[in-house]
Amino acid sequence: MNKAKMFKDRRKSPIIFLKNLLLSHWRSLLLMFMGVYLPLQVVEILAVKIWQNKGGFPWDVPILMAIHSTANPQLDIFAVVLTKWGSFWTALPVLSAIALLLLRKRRWRTFAYLLTTALGTLLINRTAKEFMQRVRPQLWISKAPEFDYAFPSGHAMTSMTLVAILVILTWHRPWRWLVLTFGSLYILAIAWTRLYLGVHFPSDILAGWMVALAWAIGVSLIIKPNLHRVTTINSSIQTETTLLPEEKQLSNSKLK
């Protein structure tokens, strides 16, 4: 009787272990699905369609023409100035200042996340542009012409990466929603300038957003930049790096 019970418990243990594992890491799994898998699926759909037809999607040109219909000299100047705030070289001083602050506070893990995410975004963007080789729109003469490839938008990737980094690093702060709100407005504003100036299709912008979002969240799940934070209110709260009971037993059995 005891042997049968032990055998039954052993058969159940993998199921219990997987159940506890999923319950312990469900937030990370949900974030991986929503923040990494789904954005990459959107990018795949966009890339395949554009690879088959460089003209892109039926809604690309109508959206551009609708935005261009609002053009006037004042908006031209505003768009030319504002779009510069979405370039990598404009975001670089901001990222550098954050990096120096992290180094001063010896936040090596967070610094590694910042460096990996920022440089990775730049590398992914240049590689994707050369691979896709999508020509930029030529519907009208732009006030700020670009001469490299269009897909995905570098400005869209840079703005999304910058905001994603700030949101992730301030997620445990009470003013994170302020960062998220103003960051979202900044992302939309930069995207508008690229479309208004006629240097990107809307699908370029969408792809840039999705790639940057997936990369920033994916790297955060690996490096865990906020792992150093401890909860002073309730020190018994366990982080997701804490071993489950089954994992502790497995580790102890190996040591024996």
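**Entry 1: terms and model**

A nonpolar core, as I use the term, is a set of buried Ala, Val, Leu, Ile, Met, Phe, Trp, Tyr and Cys residues joined through side-chain atoms within 4.5 Å. Buried stands for a relative accessible area under 20%, exposed for over 50%, and partly exposed for what lies in between, with a 1.4 Å probe and protein chains only. The model is predicted, so I note that local features need pLDDT of at least 70, that side-chain atom pairs count only at pLDDT 80 or more, and that totals for chains, interfaces and linings use all residues. Residues are numbered from 1 along each chain as its sequence is written, and side-chain values use heavy atoms, with hydrogens and water left out.

**Entry 2: confidence**

I looked up pLDDT, the predictor's confidence in each residue on a scale from 0 to 100. The chain average is 81, and 77% of the residues score at least 70. Residues 230-247 have a pLDDT below 50. That stretch still has 17 contacts in the model beyond near neighbours in sequence, a contact being heavy atoms within 4.5 Å.

**Entry 3: layout**

I took helices (H or I, at least four residues) and strands (E, at least two) as DSSP runs, numbered from the N terminus. I find 10 helices and zero strands. Of the 256 residues in the chain, 38% are buried. I also checked contacts with a separation of 6 or more: 79% of them join residues 24 or more positions apart.

**Entry 4: the cores**

I turned next to the nonpolar cores. The largest has 24 residues, and L197, I205 and W209 touch the most other members. Two or more residues come to this core from each of α3 (60-68), α7, α8 and α9. Apart from it lies another core of 16 residues, including L95, L162, A164 and I168. In soluble globular proteins, nonpolar side chains tend to be buried together.

I listed the neighbours of L197, not counting residues up to four places away in sequence: A79, V80, T83, W140, S142, K143 and A144.

W140 was the next one I looked up. It sits in the loop between α6 and α7 and counts as buried, at 17% relative accessibility. Leaving aside neighbours within four places in sequence, W140 is in contact with L64, M65, H68, L195, Y196, L197 and G198. From W140 to M65 the C-alpha to C-alpha distance is 9.6 Å, across 75 residues of sequence.

**Entry 5: α7 against α8**

Two packed helices are described by the angle between their axes and the distance between the axes. I took axes as lines fitted to C-alpha atoms, for helices over the stretch in contact, with angles from 0 to 180 degrees between N-to-C directions. The axes of α7 (residues 154-169) and α8 (residues 176-196) come within 9 Å and cross at roughly 175 degrees.

On the α7 side the contact is made by H155, S159, M160, L162, V163, L166 and V167, and on the α8 side by V179, L180, G183, Y186, I187, I190 and R194. By class I have 10 nonpolar, three polar and one charged residues in this contact. Ala, Val, Leu, Ile, Met, Phe, Trp, Tyr, Cys and Pro count as nonpolar, Asp, Glu, Lys and Arg as charged, and the others, Gly among them, as polar.

Within α8, G183 is buried, with a relative accessible area of 8%. G183 and V167 are 16 residues apart in sequence and 8.3 Å apart C-alpha to C-alpha.

**Entry 6: backbone geometry**

Most residues other than glycine have a negative phi, and most peptide bonds are trans. I looked for departures.

F151 and P152 are joined by a cis peptide bond, with omega about -5 degrees. P152 falls in the loop between α6 (108-132) and α7.

R106 has a positive phi, near 60 degrees. This residue is in the loop between α5 (88-104) and α6, and R106 is exposed, at a relative accessible area of 60%.

K224 also has a positive phi, near 55 degrees. Its place is the loop between α9 (202-223) and α10 (245-255), where K224 is partly exposed at 27%.

M34 is partly exposed at 47% relative accessibility. M34 and I217 are 183 residues apart in sequence, with 9.7 Å between their C-alpha atoms.
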